[in-house]
Amino acid sequence: MDIESLKKKLNSHGQEELLKFWDTLGEKEQKSLYEQISSIDIAHVVESFKTVTIEDKNHNKIDDQMKPVSPDVFGSFEKSDAKTRRKYEERGLTEIGNNKVGVLLLAGGQGTRLGVNYPKGMVSVGLPSGKTLFQLQAERLLKLQQLAEEFSGHKNVIPWYIMTSEHTKEPTEAYFEKNKYFGLEKEHITIFEQSRLPCVSNEGEIILETPSKIAMAPDGNGGLYRAVNKHKVLDDMSKRGVQYVHVYCVDNILVKMADPIFLGFCIGKDARCGAKSVVKEFPTEPVGIICNVNGVYQVAEYSEISTETAEKKTEDGKLAFNAGNICNHFFTLDFLKEVASQDQEKKLKYHIAKKKIPYVNEEGKSCKPEKPNGIKMEKFVFDVFQFCTDKDFAVWEVLREEEFSPLKNANTAEKDNATTCCRAIYDLHIKYIERAGGNVVKNNPKKSPSHHSENDDLIVCEISPLVSYAGEGLENLVKEKTFVSPVTVFKTSDGTATVKDSSA
């Protein structure tokens, strides 16, 4: 270990405090700290901190520079007719059937806010089946591969790339192995880890968590672009012939991975980058807005715009800025390669997250602060919108009630919890059965059939993704039949689809 050179390096960047406990450490601890410091691009961290804090101090509202998404790049599920949607779907199924589509899952989050100490993807929200987020998504992939084969006549695979964090990688790997990859083939699932950055004090000093350990944190879901290069994920996609990639977050229980309609829409517009959006529930809903700022596409955080702008309406009385971002994206592989290149990735700015970061005090004791004492620097997956124009960007508006219900909070919160996720699944699956000509009623003969209300119990209805990806193929099971809650539609051990309810 060349400790003198390391000291000079740290001193030149004002980070000499990282070695303040050096003389008290044992040989093993010294080696560990030396390797940690050596692996960090100190100059990059320091420069990034200066840049991001200057931008934060000079942060202004962007109202005057904002424009809504151009009609040239915009499409809508609800406003498209059935024939147009089917055309998009067929294009998407064709590309899946030709093995040109992969999916990339952002799954670095732990379930801490949900009250568990394991990856969020392993959480069960309480559906009758007990299925977790990971299992629901795996089964949707299985069903979609089947649908694409039936349409195209080609056996196909949708490779699944799962980006984890330091804390979720091993549990995720063990969970998939224990569950035999939920019927998917192991060789088509790649689990890799995103990078980490040092946590920095408000004064710009890299924080020590213990005398021999630097406080580190994941670099945000925008760390995707560095990670896919580091772990050769893009090389694997190229070898498989993948041309289109769907990227999404683990916590959306309604997510349609590799949604063929979304794929077909984006491919049909020759988009290199696309995003799904939902209509805001109310003007000041705390969601990011996909928009154009000074000629550049981006996601404007709700804190960046005034209430007046949030409430601004068009001539037909609709909100002007209404494209709520749900972290659900389409990329061509060529675009991913471009933005993941070192030159382009460095252009993605960091964002500040003020956090309570465990630290070591002057006496060498580890402490947990009661209020934010430093920052974590993160990049966001949608920051690459800036590299797009009207010619290669696309926004597809979907129905919130059919495609977006995130699991972010414990049930003590009012929304985005396990209960609201179950409600979203039940309501959607009731709708699927009704579209197929069936009916689902509450288990109370004294009341007329109706969906739940605020003062009523839920009507429980769960359809296995192995039976239906998005409501298709249910007619033979449910047409002209009435089912009494709770209702489950599932596949038996011999592969037969069946319906079970409480009418017996």
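This is a predicted model: local features need pLDDT of at least 70, side-chain atom pairs count only at pLDDT 80 or more; totals for chains, interfaces and linings use all residues.
Strands, as the word is used here, are DSSP runs of E of at least two residues, numbered from the N terminus. With that in mind, Pro486 is found in the loop between strand 23 (482-484) and strand 24 (487-491), and a cis peptide bond, with omega about 0°, joins Ser485 to Pro486.

**Helix 1 and helix 2**

- Two packed helices are described by the angle between their axes and the distance between the axes.
- For helix 1 (residues 3-12) and helix 2 (residues 27-38), the axes come within 12 Å and cross at roughly 45°, which makes helix 1 oblique to helix 2.
- The crossing in which helix 1 passes helix 2 is left-handed.
- On the side of helix 1 the contact involves Ile3, Leu6, Lys9 and Leu10, and these meet Tyr34, Ile37 and Ser38 in helix 2.
- Sorted by class, the residues in this contact of helix 1 with helix 2 are five nonpolar, one polar and one charged.

- Strands of a sheet pair through backbone hydrogen bonds, and the pairing can be either parallel or antiparallel.
- In this model an open sheet of three strands has the order 7-19-16, and its pairing is antiparallel.
- Strand 7 (200-201) and strand 16 (351-355) are the edge strands, each of them pairing on one side only.
- Strand 7 and strand 19 (residues 374-378) run antiparallel and are joined by two bridges.
- Val200 has Ile375 as its bridge partner in strand 19.

**Salt bridges**

- The count of salt bridges in the model comes to 23, where a salt bridge requires a side-chain nitrogen of Lys or Arg within 4 Å of a carboxyl oxygen of Asp or Glu.
- Glu95 forms a salt bridge with Arg91, and the closest N and O atoms of this pair are 3.0 Å apart.
- Because Glu95 and Arg91 are four residues apart in helix 4 (residues 82-97), about one helical turn separates them.

**A positive phi in a loop**

- Tyr181 has a positive phi of about 60°, although Tyr181 is not a glycine.

Methods. Residues are numbered from 1 along each chain as its sequence is written. Side-chain values use heavy atoms; hydrogens and water are left out. Axes are lines fitted to C-alpha atoms, for helices over the stretch in contact, and angles run from 0 to 180 degrees between N-to-C directions. Angles under 35 degrees count as roughly parallel, over 145 as roughly antiparallel, 65 to 115 as roughly perpendicular and the rest as oblique. A crossing is left-handed if the near helix is turned anticlockwise from the far one by less than a right angle, and right-handed if clockwise. Contact means heavy atoms within 4.5 Å. Ala, Val, Leu, Ile, Met, Phe, Trp, Tyr, Cys and Pro count as nonpolar, Asp, Glu, Lys and Arg as charged, and the others, Gly among them, as polar. Two strands pair if DSSP finds at least two bridges between them.
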